[in-house]
Amino acid sequence: MLTKKQRELLEFIHKRLQKDGVPPSFDEMKEALDLRSKSGIHRLITALEERGFINRLAHRARAIEIVKLPDAMEPQGFAPRVIEGDGGVANRPEAAMTVDPVHALDLPVMGRIAAGTPIEAISHASHHVAVPGAMLGSSGHHYALEVKGDSMIEAGINDGDIVVIREQDSAENGEIVVALVEGEEATLKRLRRKGDMIALEAENPAYETRVYRADQVAVQGRLVGLIRSY
């Protein structure tokens, strides 16, 4: 459930994207919500991201993706829209599964990834999946994984979904990553750095946050997209 200010900000961002095709600046958000400082906007943006309503795309200014809207705000046929980003989440059947074959790329599905208790890492392709080219960045290697478990459901990631991962060995605080724990077990979690420790956070209150030494966790990729079958 969103607070009044969180809902107002989400609605403002959504309307600006629909009108101009680009999200508003933090100054514009601050003015629209009549807040005294941009720190309040940062807190609201973080709260919306943690609740799975938006994604912020790393290393790009003003790169905000709306993943979902509250039922009362959601128009008929809404599909997430990525602005200035290098990937996105498609969590509607018409957005996720309608793939233009001209612009689709086959990605290897490298097995299952745990959204729950870490499972043994799998490094061989079991099959391939067609992914919209717009979901992928212009550079870098990508692969897909099938999600097993429900620990990321509040981020809109369900058991059986296919997640698209950009292969990389680093990530920004708060990004959802594939993490290899102690060289043996892989899991899909939100990464938080706390000094020389790394917390792997679930998006389901039924699961506890697991904290490891930095040398126990290796980032193997960052979530850039999601494909769901119905």
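Which residues are buried in α1?

**Entry 1: ground rules.** I noted that this is a predicted model, in which local features need pLDDT of at least 70, side-chain atom pairs count only at pLDDT 80 or more, and totals for chains, interfaces and linings use all residues. Residues are numbered from 1 along each chain as its sequence is written, and side-chain values use heavy atoms, with hydrogens and water left out.

**Entry 2: helix α1.** I took helices (H or I, at least four residues) and strands (E, at least two) as DSSP runs, numbered from the N terminus. Buried stands for under 20% relative accessible area, exposed for over 50%, and partly exposed for what is in between (1.4 Å probe, protein chains only). In α1 I found Gln6, Leu9, Leu10, Ile13, His14, Arg16 and Leu17 buried. They cover an arc of only 165° around the axis, which puts them on the same side of α1; the arc is that of the directions from the helix axis to the C-beta atoms. On the face turned away from the buried side of α1, I listed the exposed residues Lys4, Lys15, Gln18 and Lys19. The cover over the buried residues of α1 includes α2 (26–32), α3 (38–50), β1 (54–56) and β2 (64–66). After α1 comes Gly21, with a positive phi near 85°.

**Entry 3: helix lengths.** I checked the expected span, which is 1.5 Å times one less than the number of residues in the helix. The 17 residues of α1 (residues 4–20) should span 24 Å, and the end C-alpha atoms of α1 are 24 Å apart, which agrees.

**Entry 4: helix α3.** I recorded Gly40, Ile41, Leu44, Ile45, Ala47, Leu48 and Glu49 as buried in α3. These buried residues pack against α1, α2, β1, β2 and β10, where contact means heavy atoms within 4.5 Å.

**Entry 5: the cores.** A nonpolar core is a set of buried Ala, Val, Leu, Ile, Met, Phe, Trp, Tyr and Cys residues joined through side-chain atoms within 4.5 Å. The largest has 17 residues, and those with the most contacts inside it are Ile113, Ile157, Val163, Ile165 and Leu188. I then noted a second, separate core of 16 residues, which includes Leu10, Ile13, Ile41 and Ile54. Leu10 and Ile13 are already in my list for α1, and Ile41 is in my list for α3.
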